[in-house]
Amino acid sequence: MPPEEESDLKTRRAFLAAAGAAGLLYTAALAYPIYRYLASPNEMAMNATAVTEVTLKDAQKLPAGSVLMFKFGTAPAMLIHHVDERWIALTAVCTHLGCTVQYEPQADRIHCACHGGVYNPYTGANVSGPPPKPLKTFKVAVNETGVEVSRA
Amino acid sequence: MSTNTISKPVAKANPLYDWVDERLGVSEMMAFARHKTVPVHAQSFWYYWGGISLFLFLVQCFTGVLLLVYYRPGAEAYESVRQITFVMHFGWLIRSAHAWSANLMIFSVLVHMFSVYFMKAYRKPREFGWLSGMALLGIASVFGFSGYLLPMDELSYFATKVGLEIPSAIPWIGPAIATMLRGGPEVGEFTVQRFFALHVVVLPALFIPLLAFHLWLVQRHGNAAPPSIEALPASQRKSMPFFPNFIRKDLAMWLISLNVLALLASVFPWALGKQADSLVPAPAGIHPEWYFMSPFEMLKLLGNILPGEAGEIAGLLLFTLGIALWILIPFYDTAKESGQRARAAHYFGLLAVVLLLSTTVIGYWATR
């Protein structure tokens, strides 16, 4: 190849590389705001899940043998006042496929209607059905004005 | 033009290409694209404005879907737009791009229309191109009017209230039509809800097939050259291949449009006014959007000459007549050669431009 032609090829290659880089930068400048815009609710939820403690006002009045559903950050959770006066708080999201579970006082169990998973209402342990993991429990402190639930 | 464009199938031993080609006829389309040309002359610049309008419409679809992700029509409309503008990251930019692009689209559509008019591109066989274009412009202005209400701020509230006075001026059936559009006696949450349905479902469902028809006609008949160029012998007419030469320039125009839009949308973010409240008086200096300024000013001027209901009805009649004449121009100015009728059509076009511009200027002057 003659030297001029070779240098032509070089400048051509350099030009194409520069044009490609500029195109990429341009696309990124367009895509970034759109990504951040669409990701906004998730970012807000991330801030909300940073919550470590929730105060449930007047929850100390919850009758024995009943349940109160509440949100810990963004995720559903349950506060159970057992008949034996024990207070237990657990996440209410089934570890199988994410349905919200239900406390059944008569059967003394936590049941997931989606695929029949059963948990122990005191420890959160997965007892039967498909759930692979136990429900996480929270620390519970009862006082005269309400119930404080915090990460264990 | 070169003489070696007789298309023989490109002998590419590519089994994948052959497989697709056999089923979709890609080679035929390529052959068609290779033969398509665009006239080159002093007025060629105006050919880009249809493409620019198309590009801005695509931007509208794209940013519109993004806004749809967070917008909630009805009672929460203002709150959701406030959220988009001030809470969601870059929401202000998406909204600003949608509003700016809407205005730029109306502008480029108007430029496109007048260039078609003065190049007399509506003549045989392109009558349907002109008619479908006019219908597209009509739908585009309803897009603009309905979209303007959706944020439910002060300006959109009063613009809609005033705008709906136009259909209600139609004798007999007018008030019923206005009430139907409003969803009640007053502009409120029901109005937003039905304007929303119009803006995101009904209008696109009408616009997109019509646009496809319009574009198909352009492919079928090609770009019209102005009569002075058409009169030249074929040897003196210049042209360029549509693909890739014209497409490349078209895309360059799209890129320029995108840059202009990005600049306007980010440097001059679209404002959000106070929440609409029927008990708060209209703000001083309130005026219609620029593309509605001229008809409003004409109605106002006519109202000065002919006060009361007579003026309103006379104004509507005059408008209807003017628009009807404009739409029917291909059936009046039909001759290939320039003659009496061609000249009359030309002056009618100039009159329209002068009227639109002068009443717009007067309108802005009056609201200063």
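Two residues are in contact if their C-beta atoms, placed from the backbone, lie within 7 Å. Keep in mind that this is a predicted model, where local features need pLDDT of at least 70, side-chain atom pairs count only at pLDDT 80 or more, and totals for chains, interfaces and linings use all residues. Residues are numbered from 1 along each chain as its sequence is written, while chains are lettered from A and ligands numbered from 1 in the order in which they are written.

**Exercise 1. Work out the strand order of the open sheet in chain A and explain why β1 and β2 have a side without a neighbour.**

Step 1: Helices (H or I, at least four residues) and strands (E, at least two) are DSSP runs, numbered from the N terminus. Two strands pair if DSSP finds at least two bridges between them.

Step 2: The six strands of chain A run in the order β1-β10-β9-β4-β3-β2, with antiparallel pairing.

Step 3: β1 (53-57) and β2 (66-72) of chain A are at the edges with a single partner strand each, so one side of each has no neighbour in the sheet.

Step 4: For one pair inside the order, take β4 (residues 87-91) and β9 (residues 137-142) of chain A, which pair in the antiparallel sense over two bridges. Ala89(A) has Phe138(A) in β9(A) as its bridge partner.

**Exercise 2. Describe the largest nonpolar core and one of its residues with the most contacts.**

Step 1: A nonpolar core is a set of buried Ala, Val, Leu, Ile, Met, Phe, Trp, Tyr and Cys residues joined through C-beta atoms within 7 Å. Buried means that 20 or more other C-beta atoms lie within 10 Å of the residue's own.

Step 2: The largest core has 59 residues, and Met105(B) and Met152(B) have the most contacts inside it.

Step 3: α5(B) gives the largest share, 14 residues.

Step 4: Leaving out residues up to four places away in sequence, Met105(B) touches Ser53(B), Leu56(B), Phe57(B), Gln60(B) and Ala140(B).

Terms used. Buried ≥ 20, exposed ≤ 12 C-beta atoms within 10 Å, placed from the backbone.
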